[in-house]
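Trainee: I am new to this one and would like to know what stands behind each term. Could we go through it together?

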Amino acid sequence: MNPEQTTIKAIIRTLDGKFANVEVEQGGCGRCHEEGGCGGQQLTQMFCSGQKTYRVENVIGADIGDRVTIAIAAGSVSRTANFAYILPLTVTIAGAALGSFFGGDLSAMIGAGVGLAIAFLYVIARSHGKTGNLTERPHIISRF
């Protein structure tokens, strides 16, 4: 395992080609209280009480029911969260400022709406496409 990776334990529930849908056994990476941990587990606990299932690359060919270790590049969760939350917020504010410059309050509201829509579509396009750094995508590294 690469020391620049964070790992988590999971169980494979279904297979989909070269991907597996896994159910995470613990919430988050378990590094909330360590230096470098994002602390996101505490925040998500109040919103996510159900099963935590994710689609990950099945590079080792594990089968349904296997208990596996999943790795993700250190820091990629924080970068993804920033991309999904900070980018739309920034573009929305920029759209409002630009709209306000060209008109009054109504133009600012329209600019904010257009900015949010553009950012939302961009985030969706990036999340569905084959974009991003492939080494930062979650993948199965071993059975346990």
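This is a predicted model: local features need pLDDT of at least 70, side-chain atom pairs count only at pLDDT 80 or more; totals for chains, interfaces and linings use all residues.

Trainee: What pattern does the protein follow along the sequence?

Mentor: The order is β-β-α-β-β-α-α-β, with three helices and five strands. Both kinds are DSSP runs numbered from the N terminus: helices are H or I with at least four residues, strands are E with at least two.

Trainee: Why are E1 and E4 called paired strands?

Mentor: Pairing asks for at least two bridges found by DSSP between two strands. E1 (residues 5-16) and E4 (residues 67-73) are joined by seven bridges and run antiparallel. E1 and E2 (residues 19-24) also qualify, with six bridges, again antiparallel. Ala10 has a bridge partner in E2 too, namely Val24. The hairpin of E1 and E2 has two residues between the strands, and Gly17 there takes a positive phi near 65 degrees.

Trainee: What makes Val22 count as buried?

Mentor: Buried means under 20% relative accessible area, exposed over 50%, and partly exposed in between, using a 1.4 Å probe and protein chains only. Val22, in strand E2, has 1% relative accessibility, so it counts as buried. Buried residues make up 24% of the 144 residues in the protein.

Trainee: And why is Leu106 called exposed?

Mentor: Leu106 belongs to helix H3, and its 57% relative accessibility is over the 50% limit, so it counts as exposed.

Trainee: Which residues form the largest nonpolar core?

Mentor: Such a core is a set of buried Ala, Val, Leu, Ile, Met, Phe, Trp, Tyr and Cys residues joined through side-chain atoms within 4.5 Å. The largest has eleven residues: Ile8, Ala10, Ile12, Ala20, Val22, Val24, Val56, Ala62, Val68, Ile70 and Ile140. At least two residues of this core come from each of E1, E2 and E4. In soluble globular proteins, nonpolar side chains tend to be buried together.

Trainee: What does Ile70 contact?

Mentor: Contact means heavy atoms within 4.5 Å. Leaving aside neighbours within four places in sequence, the contacts of Ile70 include Ile8, Ala10, Val22, Val56 and Ile140. Val22 and Ile140 are 118 residues apart in sequence, with their C-alpha atoms 9.7 Å apart in space. Across the protein, residues 24 or more positions apart account for 71% of the contacts with a separation of 6 or more.

Trainee: Where does H2 bend?

Mentor: H2 bends at Phe83, by about 30 degrees. That is the angle between axes fitted to the seven residues ending there and the seven starting there.

Trainee: What do the buried residues of H2 pack against?

Mentor: They pack against E4 and helix H3 (105-128). The buried residues of H2 are Ser76, Pro88, Thr92, Gly95 and Gly99.

Definitions and conventions:
Residues are numbered from 1 along each chain as its sequence is written. Side-chain values use heavy atoms; hydrogens and water are left out.
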